[in-house]
Amino acid sequence: MTGPAFVKVCTLGELEEDVPRRVEVGDVPVSVVRTEGEVFAVNDICSHANVSLSEGEVEDCQIECWLHGSSFDLRTGKPSGLPATRPIPVYPVKIEGDGPDAAVLVSVTQES
């Protein structure tokens, strides 16, 4: 059995702190977020309304949906407030290299 397939989505230098970046991994929309010294990847579609989470705000390791204000934990995908009740998928991230040119890789073949 092979492990998850990691795909380069951007470089570390392309990620602004607390500013979500929407990328496509295959046909999966992913929001990549650099916050609190880590990089997270979650499914970009809110589980409550079919809107892009990467257009929302990031604070305290949470991404907020701009439409109705539901927030999701970037570590677990769990919603922390209504109206959303279902978690969003969280994907493993690997960083290869150092500094701003380090590659950010995401795997959507395995949810963590």
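These are my notebook entries on one predicted protein model.

**Entry 1. Ground rules**

I worked on a predicted model, in which local features need pLDDT of at least 70, side-chain atom pairs count only at pLDDT 80 or more, and totals for chains, interfaces and linings use all residues. I numbered residues from 1 along each chain as its sequence is written, and the side-chain values use heavy atoms, with hydrogens and water left out.

**Entry 2. Overall form**

I looked up the secondary structure and found zero helices and ten strands in the protein chain. Helices (H or I, at least four residues) and strands (E, at least two) are DSSP runs, numbered from the N terminus. Along the sequence I read the pattern β-β-β-β-β-β-β-β-β-β.

I then checked the dimensions. The C-alpha atoms fill a box of roughly 40 × 35 × 20 Å along the principal axes. The radius of gyration of the protein chain is 13 Å, which agrees with the value near 13 Å for a compact globule of 112 residues. This radius is taken over C-alpha atoms, and the globule rule is 2.2 Å times the number of residues to the power 0.38.

I noted an accessible surface of about 6100 Å², with 47% of it belonging to carbon and sulfur atoms. Accessible areas come from the Shrake-Rupley method with a 1.4 Å probe; for residues, only the protein chains shown count as cover. Of the 112 residues, 46% count as buried. Buried means under 20% relative accessible area, exposed over 50%, and partly exposed in between (1.4 Å probe, protein chains only).

For contacts (heavy atoms within 4.5 Å), I took those between residues at least 6 apart in sequence, and 39% of them join residues at least 24 apart.

**Entry 3. The open sheet**

I traced an open sheet of four strands in the order β2-β3-β4-β8, with antiparallel pairing. Its edge strands are β2 (21–25) and β8 (90–91), each of which pairs on one side only. Two strands pair if DSSP finds at least two bridges between them.

I followed the sheet from β2. Five bridges join β2 to β3 in the antiparallel sense, and Glu24 stands opposite Pro29 in β3. Six bridges hold the antiparallel pair of β3 and β4, where Val30 faces Asn43 in β4. These two strands form a hairpin with two residues between them, and Glu36 in the turn has a positive phi of about 50°. Antiparallel β4 and β8 pair over two bridges, with Val90 in β8 as the bridge partner of Val42.

I also asked how enclosed β4 is. Five of the six residues of strand β4 (residues 38–43) are buried, so this strand is largely enclosed by the rest of the structure.

**Entry 4. Strand β10 and its partners**

I found that β10 pairs with β1 (residues 7–11) through four bridges, antiparallel, and that Val7 stands opposite Val106 in β10. Four bridges also join β9 (residues 93–96) to β10, again antiparallel. Here Ala103 in β10 is the bridge partner of Glu96. The hairpin of β9 and β10 has six residues between the strands, and Gly97 takes a positive phi near 100°.

In a regular strand the side chains alternate between the two faces of the sheet. In β10 (residues 103–106), I saw Ala103 and Leu105 point one way and Val104 and Val106 the other way, and all are buried.

**Entry 5. Two residues in detail**

I located Thr35 in strand β3 (residues 28–35). Thr35 counts as buried because its relative accessibility is 3%. Leaving aside neighbours within four places in sequence, Thr35 is in contact with Glu17, Asp18, Phe40, Val58, Cys61 and Leu74. Its C-alpha atom is separated by 9.5 Å from that of Leu15, 20 residues apart along the chain.

I located Ser71 in strand β7 (residues 71–73). Ser71 counts as buried because its relative accessibility is 15%. Not counting residues up to four places away in sequence, Ser71 touches Gln62, Ile63, Glu64, Lys78, Pro79, Ser80 and Gly81.

**Entry 6. Rings**

I searched for aromatic pairs and the structure holds zero of them. Rings of Phe, Tyr and Trp (its six-membered ring) pair if their centres lie within 6.5 Å; planes under 30 degrees apart count as stacked, over 60 as edge-to-face and the rest as tilted.

I did find Lys94 over the face of Phe6, at 4.3 Å from the ring centre. A charge sits over a ring if NZ of Lys or CZ of Arg is within 6 Å of the ring centre and within 35 degrees of the ring normal.
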